[in-house]
Amino acid sequence: MTKEKNQPQEEEILKNEEVAAEEAAQPEEKQAEETAQEETPAEELTVEEQLANMLAEAQQMVSEERDKYLRLSAEFDNYRKRTLKEKAELIKNGAEKTLTAILPVLDDFERALKNMEASEETKAMKEGVELILCKFQKILGQEGLQKIETEGKEFDTDFHEAIALIPSPSEDLKGKILDCVQTGYMLNDKVIRHSKVAVAQ
């Protein structure tokens, strides 16, 4: 009797254990499904992040390359302008060495004319020399050679070289050029020889 009574109780206990086991298993399965569902979007986010990182790197590279290109372009433009300027200067003042070598001949002409002024006998010769000098100066002027004017001008170290200081005859002549010992010349606004002058002090 006792065995028969115990048997249904044992069966019930077994059934309850099976149900409990099933219920315990179900949440684990649910959890596994939920975890799988959660993992899938996480993987998608990772891929999106990777793509975003790759895009940011590509944009940075493009920005750096663009910056390099702009710098190189600016440097080349500056180089091109500088070489053009240097070339223009060479063309403009290419004859400087030759003209500088000719300047003593001009000085000799000027001295010859001054010496001829003292004698009446050489008047005809003087006129001839003046004509040659004028023609010579005109040709040199076409090449860009200009005489630096000194008469009555203020002393300027950019154009003049003082070789003597003379007491000023009057207050208004102080700092002005009284005499030019050697004529100065410019070639296309560039001084190739300073005028040697005597200045009033």
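Two residues are in contact when heavy atoms of each lie within 4.5 Å. In this predicted model, among contacts between residues at least 6 apart in sequence, 64% join residues at least 24 apart. The protein comprises 3 helices and 6 strands, and from the N terminus its elements follow the order α-α-α-β-β-β-β-β-β. Of the 201 residues in the protein, 15% are buried.

**Helix H2**

- Helix H2 covers residues 96-117, which amounts to 22 residues.
- From its first C-alpha to its last, H2 reaches 32 Å, close to the 32 Å expected at 1.5 Å a residue.
- H2 has a kink of about 30° at isoleucine 102, shortly before proline 104.
- The buried residues of H2 are Leu99, Leu103, Leu106, Asp107, Phe109, Leu113 and Met116.
- An α-helix has 3.6 residues a turn, so residues three or four places apart point the same way.
- The packing partners of the buried H2 residues include one helix, H3 (123-142), together with the strands E1 (145-147), E3 (177-182), E4 (185-187) and E5 (190-193).

**Strand E6 and its pairing**

- Strand E6 spans residues 195-200, and because 5 of its 6 residues are buried, E6 is largely enclosed by the rest of the structure.
- Strand E2 (residues 160-166) runs parallel to E6, and 6 bridges join the two.
- Within this pairing, leucine 165 has valine 199 of E6 as its bridge partner.
- Strand E3 pairs with E6 in the antiparallel sense, over 4 bridges.
- Valine 199 in E6 also stands opposite isoleucine 177.

**The largest pocket**

- The largest pocket holds about 550 Å³ of space.
- Its lining consists of 19 residues.
- Those nearest the centre of the pocket are Glu110, Lys114, Lys147, Cys180 and Thr183.
- H2 provides the largest share of the lining, with 6 residues.
- H2, H3 and E3 each supply at least two lining residues.

Methods
Residues numbered from 1 in each chain as written. Predicted model: local features only at pLDDT ≥ 70, side-chain atom pairs only at ≥ 80, totals over all residues. Heavy atoms only, no water. Expected span 1.5 Å × (residues − 1). Bend = angle between axes of the 7 residues up to and from the residue. Buried < 20%, exposed > 50% of the residue type's maximum accessible area, 1.4 Å probe, protein only. Pairing = 2+ DSSP bridges. 1 Å grid on protein atoms, 1.4 Å probe; cavity = no way out; pocket = protein on both sides within 12 Å on 5 of 7 lines; lining within 4 Å. Points joined across faces, edges and corners; volume = space filled by probe spheres on them.
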